[in-house]
Amino acid sequence: AIDKVEDLIFSTPTQSLLEEIFALKRALVHLRRIIAPQRETLNKLARGDYAVIAAQDRVFFRDVYDHLVRLHDITESLRDLVGGALDTYLSVVSNRMNNVMKTLTVITTLFMPLSFLAGFFGMNFFQATVPFGAWTGRVAFGLMLSAMILLPLGMGLWIRRRAWM
């Protein structure tokens, strides 16, 4: 199950996959809580002098104790694997979110000059410049329109050349 989750992390990191990782982690913690006390109990039964347990039967308790120690070690290594899978999942999701944020930042950067120019030279700006003549309003309008077109295009080319997008 852990191998399947690790394979799915890179292809489709979804919310259900995160829930599956946490379910695996809970199961391993539960298994550890069960194995740890039994290991100590069987260690005392295998090594102690109890009148109820015959000396020739202690070897069986040692065998079970060895199996529990092995299970405890396997459980710990699986917990480490699940923790690593969780870290990998969070890293993949964070990298995807960083790519989305980078794209949104580039789009915002491209539209920022347009918003500034449209806000600064609003609809009624050229009404105040009529004393200079009607042609200056048209020239200023043409310059602003060309700036609104060329500035984002130039910024887009510059961003592509720097490999930010």
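Contact here means that heavy atoms lie within 4.5 Å of each other, and the model discussed below is a predicted one.

Q: Among contacts in the protein chain between residues at least 6 apart in sequence, what share joins residues at least 24 apart?
A: The count takes in contacts in the protein chain between residues that are at least 6 apart in sequence. Of these contacts, the share joining residues at least 24 apart is 67%.

Q: Which elements does the protein chain have, and in what order do they run from the N terminus?
A: The protein chain has 0 strands, while its helices number 4. Read from the N terminus on, the elements therefore give the order α-α-α-α.

Q: How are H1 and H2 oriented towards each other, roughly parallel or roughly antiparallel?
A: Helix H1, residues 2-11, packs against H2 at an angle of about 150°, and their axes are 11 Å apart. Angles over 145 degrees count as roughly antiparallel, so the orientation of H1 to H2 is roughly antiparallel.

Q: How are H2 and H3 oriented, roughly parallel or roughly antiparallel, and in which crossing does H2 pass H3?
A: Helix H2 covers residues 15-47 and helix H3 residues 58-120, and the two pack at an angle of about 155° with their axes 8 Å apart. Because angles over 145 degrees count as roughly antiparallel, H2 is roughly antiparallel to H3. The residues of their contact divide into 23 nonpolar, 5 polar and 8 charged. As for the way H2 passes H3, the crossing is left-handed.

Q: Is threonine 75 buried or exposed?
A: Threonine 75 has its place in helix H3. Leaving aside neighbours within four places in sequence, threonine 75 is in contact with Leu28, Leu31, Arg32 and Ile35. Buried means a relative accessible area under 20%, and since the value for threonine 75 is 3%, this residue is buried.

Methods. Residues are numbered from 1 along each chain as its sequence is written. This is a predicted model: local features need pLDDT of at least 70, side-chain atom pairs count only at pLDDT 80 or more; totals for chains, interfaces and linings use all residues. Side-chain values use heavy atoms; hydrogens and water are left out. Axes are lines fitted to C-alpha atoms, for helices over the stretch in contact, and angles run from 0 to 180 degrees between N-to-C directions. Angles under 35 degrees count as roughly parallel, over 145 as roughly antiparallel, 65 to 115 as roughly perpendicular and the rest as oblique. A crossing is left-handed if the near helix is turned anticlockwise from the far one by less than a right angle, and right-handed if clockwise. Ala, Val, Leu, Ile, Met, Phe, Trp, Tyr, Cys and Pro count as nonpolar, Asp, Glu, Lys and Arg as charged, and the others, Gly among them, as polar. Buried means under 20% relative accessible area, exposed over 50%, partly exposed in between (1.4 Å probe, protein chains only).
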